[in-house]
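Hi there,

Here is the structure I promised to pass on to you. Have a look at it first, and then read on for what turned up.

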Amino acid sequence: MAVKKVYGTPACPATMRVLASMLEHGLDFEFIYVDLKAGDHMKESFLSLSPFGQVPVFQDDQDLTLFESRAIMRFISHHYPKPGKEQVYEAPKEQGIVAAWIDVEDHQFDPPASKLRTELLEKPLNGMSADKQVVAEEEANLARVLDVYEERLKDSKYLGGDKFTSADLTHLPNLYYLMKTPVKRLFDERARVSGWCRDLLARSAWAKVVDMVEKI
């Protein structure tokens, strides 16, 4: 019998996003490790699945292959809803709000968060120093985004509404990494944002993702 497959690198934020979605929905799958350092992602066999050579890739058991982590996340939440814990709304208005906040993460939160992750975590791991000017600029950019989040969370427990949805899940990889840096203070300084982070990072499915990452 065909099985669902996820190709990726566990510590890669995009792969983590898909793993979190799979585990939140209770899906069984085979994880296939892609060694980026060895150039596995640029081999023809992988490019036939992901033409831009990026992880992750998702294959379901019905001959569907998807790349781009947020597209995969959206597909999973719509196609495999977990009864009683659906991450989508049936009402178009409510689902439109969720979709908007997924895009906010992609276009507003992710750019400064990813740059800070690179400067504060990835560069030191590779023997390089962080660019202090870049860090200062991106901290300011992220702070402005978190101010918007703090205001939004006055109205609902989660970004997309009163239940956990993909609009929240999509933030988890960068939250996980940023909590390991001095940038954590930007979250701690905002009470509602801080509580929202604690809630997300304490989810049992996310703990399983972290376990996969930390075993590598």
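The secondary structure comes to 10 helices and 4 strands. If you walk along the sequence, the order is β-α-β-α-β-β-α-α-α-α-α-α-α-α. Please keep in mind that this is a predicted model.

**Overall build**

The radius of gyration is 17 Å, which agrees with the value near 17 Å that a compact globule of 216 residues would have. Along the principal axes, the C-alpha atoms fill a box of roughly 50 × 50 × 25 Å. Buried residues make up 48% of the 216. Among the contacts with a separation of 6 or more, 66% are between residues 24 or more positions apart.

As for the surface, the protein exposes about 10,900 Å², and carbon and sulfur atoms supply 53% of that area. There are 28 positive and 34 negative side chains, and the centres of these two sets lie 4 Å apart.

**Helix α9**

Helix α9 covers residues 191-201, and its buried residues are Val193, Ser194, Trp196, Cys197 and Leu200. Seen down the helix axis, these buried residues fall within an arc of 160°, so they line one face of α9. What do they pack against? Their partners are α5 (132-152), α6 (166-169), α7 (172-178), α8 (184-188) and α10 (204-215). The face turned away from the buried side carries Ala191 and Arg198, which are exposed.

Gly195 also belongs to α9. Lys157 is 38 residues away from Gly195 along the chain, and the C-alpha atoms of the two are separated by 9.4 Å.

**Two backbone details**

Most peptide bonds are trans, and most residues other than glycine have a negative phi. Two places in this model are worth a look with that in mind.

The peptide bond from Val55 to Pro56 is cis, with omega near 5°. You will find Pro56 in the loop that runs between α2 (44-47) and β3 (57-59).

Glu68 has a positive phi of about 75°, although it is not a glycine. This residue sits in the loop between β4 (65-67) and α3 (69-79). Is Glu68 buried, exposed or partly exposed? With a relative accessible area of 43%, Glu68 is partly exposed.

Happy to go through any of this with you.

Best wishes

Notes:
Residues are numbered from 1 along each chain as its sequence is written. This is a predicted model: local features need pLDDT of at least 70, side-chain atom pairs count only at pLDDT 80 or more; totals for chains, interfaces and linings use all residues. Side-chain values use heavy atoms; hydrogens and water are left out. Buried means under 20% relative accessible area, exposed over 50%, partly exposed in between (1.4 Å probe, protein chains only). Helices (H or I, at least four residues) and strands (E, at least two) are DSSP runs, numbered from the N terminus. The arc is that of the directions from the helix axis to the C-beta atoms. Contact means heavy atoms within 4.5 Å. The radius of gyration is taken over C-alpha atoms; the globule rule is 2.2 Å times the number of residues to the power 0.38. Accessible areas come from the Shrake-Rupley method with a 1.4 Å probe; for residues, only the protein chains shown count as cover. Lys and Arg count as positive and Asp and Glu as negative; His and the chain ends are not counted. The place of a charge is taken as NZ of Lys, CZ of Arg, CG of Asp or CD of Glu.
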